[in-house]
Amino acid sequence: MKSPEASNSVQHLPRSGIRRVFDEASKYPDCIRLEVGEPSFTTPQHIKDAAQAALNSDFTKYTPNAGIAELREGLSQKLRDRNKILVAPEQIVVTPGGVASVFSSLTALLNRGDEVLLADPSWPNYLQMTILLGAVPVFYPLRIENDLVPTAADIESKITSKTKVLLLNSPGNPSGAIIPESELVAILQVAKKHNLWVISDEVYDEIYFDKPPVSLQPLDEEGRVISVFSFSKTYAMTGWRVGYLTGPMSIVSHILRAQEPITSCVNSVAQKAAFAAVTGDQSCVSEMRNAYAKRAALVTKILTEKGVKFAQPTGAFYTMVDITASGMSDVDFVSRMITEKRVAVVPGSAFGPDSGNFVRVSLASSESDLEQGASRLAAAIKEWA
Ligand code: PLP
C-alpha cells in the first residue's frame, strides 16, 4: 500500500532559488561566490569563550521558554540604547534565530485565508512561512527609482478587507535599503487606517553604511508593531541560532504560547554566548560594519563606472543589480554567469514575482572576490546585451 501524502502546504512550498544557485555554483571550485547571505567573519573570541564556560559549568538544561533572565535584561538595555525601544524584559522573547521570531509572530497573528503584505523583492522565507500557515501572500512593489525603499502609497494600494499583517524589513534583504523615518511614519498611518499588525524585521539593525536605521516601534503609539532582531548578522553568529522579538505584552504572550510547542527554548549554551555578545565589548560590531561599508563602496564604484544600474545600498549587505540591459531572464543570466564567468549571484525572481530584472550581489564576500565579481558581472551585462 502507498504511504499517505505529505501536507498540501508543504508540497506547495516553493524551493529556495538561493539554494539552487548554491548547488550549481558548488560544481565549479573556481567560482566566485557572491550569492552567500552570511557574514564572512568568524564569531568573536569573547563570545566563544562564554559558550565554552557555559558548557564547562554544565549550563546544559532547558531554560525558560522566553529565554534566560540575564539575557532578556541585557536585551532590554540594548533595545533602549540602540533602538530607542523601551520595553520590560518580560516583553522580550528569545527565539532560535530571527527566522523563528517571524514565524512565531505570524503563527500568533494569522488565520487561514488572511492576507500578508510582502515586499517584492523580499527574503523568500516570508513567503514560505505565509504558505505554511495557510495565509495568502500579497506583494507590494519596491521600485529601483526609489532604491527599493517601500512607499506607504504602494503598500496601501495592495490592502484589502482580508489584509492582516504587513511585513517590513529595514535594513532590507535583498534590497540593501533603509526605510527613512518619514516613510516609516507614513506607513504606520496606513497600518492604523486599515488596522494591520506590522512585523518589523530589523535583523540587520547594526549593519548600515551612513546613518543608523530608525526602529519602527518607538513611532508606534498603538501597540501594533512586533520588532524582530538577531545575533546572526551583528555578531557573525548565524550558526548559533539566537534571535529575539519584542512588542506589546498583549500579543507577546500569545507569541510565546505559539513558540512553546515548536521550539520550547533556545539552546542554553547559545543563550550564554548571546549574553556575552550583547553585554560585552561592541568594537567587533563596528569593525564588521566598517568592512561591509567599504565593500559596498567598492562594488557601487565599479558598477557606477561601468554604467550598470543598481539599487544604492545603505545597509544590510546586499545590492540588487538591474540586468534588464542584458535582455536575458534572471535565471538564464545567473546560469551563464556561473558556467561562463564563474561568478555566482542570486536571480531576483527568488525574492518576488516581479523582481526578475535583478540579480542580488552579496557584500559579505572578500574585497578581492567582490572586485573581480562586480567587474565580470558588469562586463557580462554589456557583452550579452
Ligand atoms: N530576516 C532577514 C531579512 C534575513 O535575511 C534573515 C537571514 O538571512 C533572517 C531574518 C533570519 O536570520 P536568523 O534566523 O539567522 O536570525
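Which backbone oxygen lies 3.0 Å from a polar atom of the side chain of Ser 76? It is the backbone oxygen of Glu 73. This is a predicted model, in which local features need pLDDT of at least 70 and side-chain atom pairs count only at pLDDT 80 or more, whereas totals for chains, interfaces and linings use all residues. Residues are numbered from 1 along each chain as its sequence is written, and side-chain values use heavy atoms, with hydrogens and water left out.

**Ser 76**
- Ser 76 is found in helix H4, residues 69–83, and at 9% relative accessibility it counts as buried (under 20% relative accessible area, 1.4 Å probe, protein chains only).
- Not counting residues up to four places away in sequence, Ser 76 touches Ile 85, Val 87, Ala 88, Pro 89 and Ile 92, where contact means heavy atoms within 4.5 Å.

**Ligand site**
- The ligand is surrounded by 14 residues (each with a heavy atom within 4 Å of it), and the closest are Gly 98, Asp 201, Ser 230, Ser 232 and Arg 241.
- A nitrogen atom of the ligand is 2.5 Å from an N or O atom in the side chain of Asp 201, while an oxygen atom of the ligand lies 2.5 Å from a polar side-chain atom of Ser 230.

Notes
Helices (H or I, at least four residues) and strands (E, at least two) are DSSP runs, numbered from the N terminus. Buried means under 20% relative accessible area, exposed over 50%, partly exposed in between (1.4 Å probe, protein chains only). A polar contact is a pair of N or O atoms within 3.5 Å; within protein, one must be able to donate a hydrogen and the other to accept it, and residues adjacent in sequence count only if both atoms are side-chain atoms.
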